[in-house]
Amino acid sequence: MAAMTGLPLIDDAWLVVPLFNEAEVIGDVVRGARERFRHVVCVDDGSTDGSAAAAQAAGARVLRHPVNLGQGAALQTGIEYVVGAGARYVVTFDADGQHQVTDAVAMVELARAEDVAIVFGSRFLDDRTRAGLLKRVVLKLAVWFTNQSTGLRLTDAHNGLRVIRSDAARGVHLTQDRMAHASEIVLHLQRTHLPWREHPVHVLYTDYSRGKGQSLLNSVNILVDLVFR
Amino acid sequence: MDVMWIQVVLLVGIGVVALLLNRSTADARHQAIRRLMLLGFVLAAAVSVMVPQWLSAVANRLGVGRGADLLLYALVIAFLSYISTSHRRMNQLSAKITALTRELTLTEARLEDERRAGPGA
């Protein structure tokens with residue numbers, strides 16, 4: 001596979017991709033990721049549309065949840081698996097094609113070069129990401145809420161692209177099965193008191209991701225999940 | 001303006017429900033308290049069936065016109081606390097399902113990995 005780009009495959013950073021009903025795009029996402037990462041682990045969260053088969057055909061290691069639990073639960077399963085398999089870095093990556101493999105590679109390189117345990121992707125550090133005004137406002141509120149509860153000063157929250165070194169990943173025990181895990185994972189990582197950085201990433205909003213993405217109303221659910229646990 | 005006693009009683013009741021929302025229902029003390037409250041409720045229900053005027057008298061003392069209104073208010077509080085406890089239990093139950101599912105998934109993955117690494121390797 002490495003022959004495609006001529007660049008060496010990254011061996012010690014494993015991609016964890018929570019997967020739920022993305023059969024249309026997951027094949028391309030996995031193939032794209034496998035050009036740079038040897039290990040791509042998809043956690044199929046009870047998909048009903050052949051996502052698991054598509055991911056497997058594209059060369060991913062597929063773990064299966066027999067029932068749908070939610071993205072947070074899939075992420076936790078994937079993290080436990082790859083840490084157990086000896087990964088030095090866990091890269092969390094979305095299944096819908098919003099994230100760029102080049103960003104993931106750059107974040108792993110940053111983690112290595114600066115010896116930091118956690119690299120958070122942020123779509124607000126440069127102007128590549130085009131988000132609508134309402135989405136921007138809601139995301140900024142989410143950032144504010146996460147920062148209030150974690151004490152970190154992040155510029156983006158609910159960004160699925162993160163690089164987590166295994167020592168930090170061992171501190172992650174997500175109990176929020178659904179979308180509120182994005183705040184919870186920041187909280188757990190903060191509690192490890194390990195060094196962290198942010199890195200600019202480009203989140204690509206395609207028609208597909210817009211159609212599949214969480215509606216803004218869902219932020220009400222996230223807030224309720226976080227407050228009434 | 002006079003504060004009616006029923007307003008105080010209801011607000012305290014709602015406050016207690018809100019507190020319950022953030023507390024565990026699992027431990028034995030809370031269970032005992034719930035059972036005592038249930039016992040009190042059964043006794044009060046029995047008394048108000050046998051002596052209907054009693055409920056109205058209590059209602060009047062609290063500033064509520066009719067006994068039936070008092071019953072309705074009590075029902076609202078009881079319903080809210082039911083929601084809060086069942087919400088807690090649901091969360092605990094789904095945490096168990098998640099743990100079980102994850103264990104199953106990871107075990108299956110481990111077996112697959114062993115099979116792959118085994119004879120073919």
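## What lines the cavity

The residues lining the largest cavity split into 6 nonpolar, 3 polar and 2 charged (Ala, Val, Leu, Ile, Met, Phe, Trp, Tyr, Cys and Pro count as nonpolar, Asp, Glu, Lys and Arg as charged, the others, Gly among them, as polar). Among them are A:F120, A:D156, A:H158 and A:R162. Two elements of chain A, β5 (118–122) and α7 (181–191), each give two or more residues to this lining (helices, H or I, of at least four residues and strands, E, of at least two are DSSP runs, numbered from the N terminus).

This is a predicted model, with local features needing pLDDT of at least 70 and side-chain atom pairs pLDDT 80 or more, while totals for chains, interfaces and linings use all residues. Residues are numbered from 1 along each chain as its sequence is written, chains are lettered from A in the order written, and side-chain values use heavy atoms, leaving out hydrogens and water.

## Where the chains meet

On the chain B side, 18 residues are in contact (heavy atoms within 4.5 Å) with 18 residues of chain A. About 1500 Å² is buried between the two, 51% of it from carbon and sulfur atoms (buried area is the accessible area, 1.4 Å probe, that two parts lose on being put together, summed over both). B:R102, B:T105 and B:L106 lose the most area in chain B, together 34% of what that side buries.

You'll also find 3 salt bridges between the chains (a side-chain nitrogen of Lys or Arg within 4 Å of a carboxyl oxygen of Asp or Glu). One of these pairs A:R61 with B:E112, with the closest N and O atoms 2.8 Å apart.

Technical notes. On a 1 Å grid over the protein atoms alone, a cavity is a set of points where a 1.4 Å probe fits but cannot get out, and a pocket is an open set with protein on both sides within 12 Å along at least five of seven lines; lining residues have an atom within 4 Å of a point.
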